[in-house]
Amino acid sequence: MADTSKMFFAGTGGMGILLMGQIIGTAAISEDKAVTFFPSYGPEMRGGTANCTVIVSDNEISSPLVHESDYVVAMTIPSMLKFEPTLKPGGTLFINSSLVREPPARSDINVVKVAASEIAQEMGEIRVANIIMLGAFVRTTNTVKGENVEKVIRDYFGERKASLVDMNLNAFHHWKP
């Protein structure tokens, strides 16, 4: 990983977009990295826009704002259209190819297609599409260690939602490059 990684996670409210950013940030903190997490969402609980910026760094972070990103995770077409321009040349765009069928506009970026919604449906639980995408993101970028993400998932779902731990861990490991 570079000294600093700047990323956007974007989609629609109810897709677990903010949770993806929180998990990355919490895993990075457990690795003694500096982290910023900046959520943004529409007034609607579900169906509105939702995105967050996360910065993970080996050094102190001077601002939580991201104008040029290393990574964008776009779970929907509007998310891709809005955040693809923020990628620096050579950056990586992760798209939920189940919902994003049109190609990115740029040719100077890397694209990772993950059929997150389709995989989640095959697993019998559409709500884990975000965790499937998170698994692809972590394994591709190495921004944080997978075992630290697993611990965060266990802690997050543990006591309150113990029945969801195994399902989310399976989702995290389901995508293969």
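Predicted model: local features only at pLDDT ≥ 70, side-chain atom pairs only at ≥ 80, totals over all residues.
Where does Thr86 lie? I found Thr86 in the loop between helix H2 (77–83) and E5.

**Thr86, continued.** Buried or exposed, I wondered about Thr86? Its relative accessibility is 14%, so I log Thr86 as buried, the cut-off being under 20%. Leaving out residues up to four places away in sequence, I list Phe8, His67, Glu68, Ser69 and Val72 as what Thr86 touches.

**The sheet.** Next I traced the strands. Six of them make an open sheet, ordered E2-E3-E1-E4-E5-E6, with mixed pairing. Strand E2 (34–41) and strand E6 (110–114) are the edges; each has a single partner strand, so one side of each has no neighbour in the sheet. On average, neighbouring strands are turned by 15° against each other, direction ignored.

For Ala10, I noted Asn51 as the bridge partner in E3. Helix H4 (residues 129–141) packs on this sheet and touches E1, strand E4 (69–74), strand E5 (87–96) and E6. The direction of H4 makes about 150° with that of E5.

**H1 against H5.** Last, I looked at how helix H1 (residues 17–30) meets helix H5 (residues 146–157): their axes come within 9 Å and cross at roughly 120°. That angle makes H1 oblique to H5. I have the crossing down as right-handed. From H1, I see Leu19, Ile23, Thr26, Ala27 and Ser30 meeting Asn148, Val149, Val152, Ile153, Tyr156 and Phe157 of H5.

Definitions and conventions. Residues numbered from 1 in each chain as written. Heavy atoms only, no water. Pairing = 2+ DSSP bridges. Helix = DSSP H or I, 4+ residues; strand = E, 2+ residues; numbered from the N terminus. Axes fitted to C-alpha atoms, helices over the stretch in contact; angles between N-to-C directions. Contact = heavy atoms within 4.5 Å. Buried < 20%, exposed > 50% of the residue type's maximum accessible area, 1.4 Å probe, protein only. Parallel < 35°, antiparallel > 145°, perpendicular 65-115°, else oblique. Left-handed = near helix turned anticlockwise from the far one by under 90°.
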